[in-house]
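Please keep the sequence and the model side by side while reading. The paragraphs below go from helix pairs to single residues.

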Amino acid sequence: MNSTRDFNAARARLSAATRDALDDRAKFLRALKVFQKQPPKLVPYVQTSEQQRVDQWISETRRGLLLKARQVGGTTAVRGFAFHEVYALGRPARWATISYKQASSLEIGRTDSQFLDSLPAPLTKALHGQPRVIQGEIEFPRTGGRLIAYTASATGGTGTRSFALTDGHISELAFYPDPAELLATVEGSVGEGRLIAESTANAPGDYFHRMCLGALDGSNGWSLCTSWWWQNPDYATPVPLLDAFEPTDEEVVMATLYGLSPEQILWRRAKVKLMGEDKFKREFPACFDDAFNRGSGGEFEPHLFETVSDRWDGAQPEANDIYVLGADPSGGQGGGDDAAYTVRSVSTGRVVAHEASDRWPPETFARIIADVALKYNKALIIVEENNHGHAVLLALRHLGYTNLYYDPDTKTGNFGTSGKSKTLAMSYVRELLEAQGIASLPLALLTQLRALRKGEGAKTARAPTGEKDDRAMSFVLSEVALRAVPVYVNVREVQRPRLEAILSRSRAAKYKGRVGAWTSR
């Protein structure tokens, strides 16, 4: 049976200076080692002033949201806090960090091991005996304290249910397919313990954005800590000739707002030149508006999503309805693009089924969508033609599935990938949104639609660099199929009233003369 009695006895035998170093978190953390990227080596963990501020915030909150810029060391700050509690104070806690990607989970596990290896072996043996170290977990047998790092399942983190946790840390909450489900599961596991969810911003209006807004106005019981780029002292570039430095008018305004030094302005200038202003604001926000502002160039204006809820539930097939299935394939090797499908009702336009995975190669994806389509009254399947799309279509035909979208202008008769066809498909979705023809969408799908944008030189909309758009494209394809149903299936009396209503409302919206930044589109 685990007990802290032996730990406390061992701790009492230490020198007063050692006990003081164990109690003082800042002193203790300086004894640990962290990995430095440039040049690559292990160095003492000396907290930045920003990490110290985050550390203090963690100590004062039970439910906390950390909205951060890139590379501020937020994950390390949370993990250092947890390591101090379990190792130095001997708290019998089960502290878990949950990551979206396996690589991140493994890196956090390595950080824990580096922390442990940094400390004198005799001290560890005196306090804890022999810790048990396995991949992703360190257990201190005398107290029962554990440091756990693992990857949440792609379905939203239901693997967390198998852990009995006392404290939790969710890394990059905004990028999970179902952050609400993950958060609810982890909350249920930690109970009254501490739960910290940290993330960079993903998309305006997504679950994490709404959580942060609720924390700001005090309506959801969470504490919000923001960490902006200008609060990190490392983000500064020496000014070689200060007398020759000339800030722009915009830089003068920013310097006044945030108290920027010339060195910080020069660092920002170089980053903006390298990344572009929109991406810089997203990766290195200076304020709340920067974090959730996609900037110019979005395919769909933000106001088009004002009436679209993310409180979505699927639906079982109705015997008298007809359905379409939009499918965007991928290589299915993991770590890359997703394969995604969206099933829509012809009579209502509602999304009734939606799923995505980066583990579905073409043949597997073909079997999955064939089974789903058969369930939904042998739905009309539309597949984006590309390298993987050809393989999916071939597999569907080998499976004997015949209700496939047909376009005589493409090589295989399915949806072509030309700029012209995609532009037309996007215009269909725009009409749908303008007419408020869709009431709710799955959160992950809605987030991707919001994020679609046209980059420099791009003919069609796509996801921002480093993000995915496969769910969004499956929805776009489903709208193309919905428009085609009256041609290929004898359901004009079902589909035509809906289509005419959408077009009528869309035309009416255009004549309302909406005033705003997007009017010129």
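At what angle do helix 14 and helix 15 pack, and how far apart are their axes? Helix 14 (residues 362-375) and helix 15 (residues 387-398) pack at an angle of about 50 degrees, and their axes are 8 Å apart. Axes here are lines fitted to C-alpha atoms, for helices over the stretch in contact, and angles run from 0 to 180 degrees between N-to-C directions. Helices (H or I, at least four residues) and strands (E, at least two) are DSSP runs, numbered from the N terminus. Helix 14 and helix 15 are therefore oblique to each other, given that angles under 35 degrees count as roughly parallel, over 145 as roughly antiparallel, 65 to 115 as roughly perpendicular and the rest as oblique. The contact is made by Pro362, Glu363, Phe365, Ala366, Ile369 and Ala370 on helix 14, and by His388, Ala391, Val392, Ala395 and Leu396 on helix 15, where contact means heavy atoms within 4.5 Å. By class, the residues of this contact between helix 14 and helix 15 are nine nonpolar, one polar and one charged; Ala, Val, Leu, Ile, Met, Phe, Trp, Tyr, Cys and Pro count as nonpolar, Asp, Glu, Lys and Arg as charged, and the others, Gly among them, as polar.

This is a predicted model, in which local features need pLDDT of at least 70 and side-chain atom pairs count only at pLDDT 80 or more, while totals for chains, interfaces and linings use all residues. Residues are numbered from 1 along each chain as its sequence is written, and side-chain values use heavy atoms, with hydrogens and water left out.

The protein chain as a whole has 19 helices and 14 strands. Of its 521 residues, 53% count as buried, a term that means under 20% relative accessible area, with exposed meaning over 50% and partly exposed in between (1.4 Å probe, protein chains only). Among contacts in the protein chain between residues at least 6 apart in sequence, 71% join residues at least 24 apart.

Two further helix pairs can be followed in the model. The axes of helix 4 (residues 49-60) and helix 5 (residues 74-88) come within 9 Å and cross at roughly 50 degrees, which makes helix 4 oblique to helix 5. Gln51, Val54, Asp55, Ile58 and Ser59 of helix 4 make the contact with Thr76, Ala77, Val78 and Phe81 of helix 5, and by class these residues are five nonpolar, three polar and one charged. For helix 10 (residues 249-258) and helix 11, the axes come within 11 Å and cross at roughly 130 degrees, and helix 10 and helix 11 are therefore oblique to each other. Here Glu250, Glu251, Met254 and Ala255 in helix 10 meet Ile265, Arg268 and Arg269 in helix 11, a contact with three nonpolar, no polar and four charged residues.

Helix 11 (residues 262-275) also holds Gln264, which counts as buried at 12% relative accessibility. Leaving aside residues up to four places away in sequence, Gln264 touches Trp229, Trp230, Tyr235, Ala236 and Gly259.

Why is helix 9 described as largely enclosed by the rest of the structure? Seven of the 10 residues of helix 9 (residues 207-216) are buried, so helix 9 is largely enclosed; the buried residues are Tyr207, Phe208, His209, Met211, Cys212, Gly214 and Ala215. Their cover includes strand 3 (63-68), helix 8 (179-190), strand 9 (195-199), strand 10 (223-227), helix 13 (288-291) and helix 17 (443-451). Just after helix 9, Gly218 takes a positive phi of about 75 degrees.

Positive phi values also occur in residues other than glycine. Glu172, with phi near 55 degrees, lies in the loop between strand 8 (167-171) and helix 8 and counts as buried at 18% relative accessibility. Asn377, with phi near 55 degrees, is found in the loop between helix 14 and strand 14 (380-383), and at 34% relative accessibility Asn377 counts as partly exposed.

The last stop is Ser478, in helix 18 (residues 470-488), a buried residue with a relative accessible area of 0%. Ser478 and Val346 are 132 residues apart in sequence, yet 10.0 Å apart in space, C-alpha to C-alpha. Not counting residues up to four places away in sequence, Ser478 touches Val324, Gly326, Thr342, Arg344 and Ile382.
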